[in-house]
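Hello,

Here is the structure I said I would pass on. Please open it and keep it in view while you read my notes below.

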Amino acid sequence: MRILLVLSLAILTAGCQREERQLRLDPPLAAALDDVRLMPNRISGAPPEVYFALDRPYESNAYNLSQGKRLYSWFGCKSCHGDGQGGAGPAFLDGWWAYGPEMVSIFASIRDGRPHGMPAFNDKMTTDQIWQLTGYVQTIGQYSARTAAPSRNDEKQVRPAENRSPAAILFDEGPTPIHLDQGPKP
């Protein structure tokens with residue numbers, strides 16, 4: 001009986017594995033991640049092979065997304081883009097991205113900048129930080145929820161957390177109809 005209890009306890013604790021956190025990239029890996037192949041018009045392209053070998057860590061790792069959220073505040077992205085609703089810079093929640101919603105396009109926009117106001121951050125951030133910020137920016141404007149999400153802000157509850165697919169939630173259905181089978185659906 002005791003062996004069965006110890007064995008079941010060992011199996012349960014083995015199943016509780018924490019998500020990996022890589023606090024610093026090795027320099028060759030960072031250089032490989034910086035090798036993004038863009039289309040000639042500098043919109044869209046292909047991520048480096050190492051990005052897929054690492055299993056897309058900036059899209060599916062909650063730690064990287066939380067770091068991206070922190071960088072979004074630190075580097076003043078909120079001053080232009082707000083909480084994704086726009087302002088001086090374009091909105092992320094409207095479903096229309098001037099340079100595309102792909103990771104490579106967002107990465108290139110942050111790293112190299114864009115005309116008409118988007119500054120380049122390649123000399124202010126590491127490659128790893130740019131990828132983390134890219135992953136977070138993509139979560140702001142997504143229409144479907146992901147399994148990994150950054151942490152929720154406690155100081156401000158005006159919009160749902162990022163892991164609840166904020167762009168779809170902002171659809172306003174209007175007043176509740178008398179008959180539940182009537183009314184608009186997103």
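Start with helix H7 (residues 103-112) and helix H8 (residues 127-140), which pack against each other in this predicted model. Two numbers describe a pair of packed helices: the angle between the axes and the distance between them. For H7 and H8, the angle is about 125° and the axes lie 9 Å apart. H7 is therefore oblique to H8. The cut-off matters here, because only angles over 145 degrees count as roughly antiparallel, and 65 to 115 as roughly perpendicular. The crossing of H7 and H8 is right-handed.

Which residues make the contact? From H7 come Met103, Ile106, Phe107, Ile110 and Arg111. H8 brings Thr127, Ile130, Trp131, Leu133, Thr134, Gly135, Val137 and Gln138. Sorted by class, the contact of H7 with H8 has eight nonpolar residues, four polar and one charged.

Now the chain as a whole. How many helices and strands does the chain have? The secondary structure comes to nine helices and two strands. Along the sequence, the pattern reads α-α-β-β-α-α-α-α-α-α-α.

Next, burial and surface. The chain has 186 residues, and 37% of them count as buried. Its accessible surface is about 11,800 Å². Carbon and sulfur atoms account for 57% of that surface.

One last item is contacts along the sequence. Take the contacts in the chain between residues at least 6 apart in sequence: 56% of these join residues at least 24 apart.

Best wishes

Key:
Residues numbered from 1 in each chain as written. Predicted model: local features only at pLDDT ≥ 70, side-chain atom pairs only at ≥ 80, totals over all residues. Heavy atoms only, no water. Helix = DSSP H or I, 4+ residues; strand = E, 2+ residues; numbered from the N terminus. Buried < 20%, exposed > 50% of the residue type's maximum accessible area, 1.4 Å probe, protein only. Contact = heavy atoms within 4.5 Å. Areas by Shrake-Rupley, 256 points an atom, 1.4 Å probe, with all protein chains shown as cover. Axes fitted to C-alpha atoms, helices over the stretch in contact; angles between N-to-C directions. Parallel < 35°, antiparallel > 145°, perpendicular 65-115°, else oblique. Left-handed = near helix turned anticlockwise from the far one by under 90°. Nonpolar A, V, L, I, M, F, W, Y, C, P; charged D, E, K, R; others polar.
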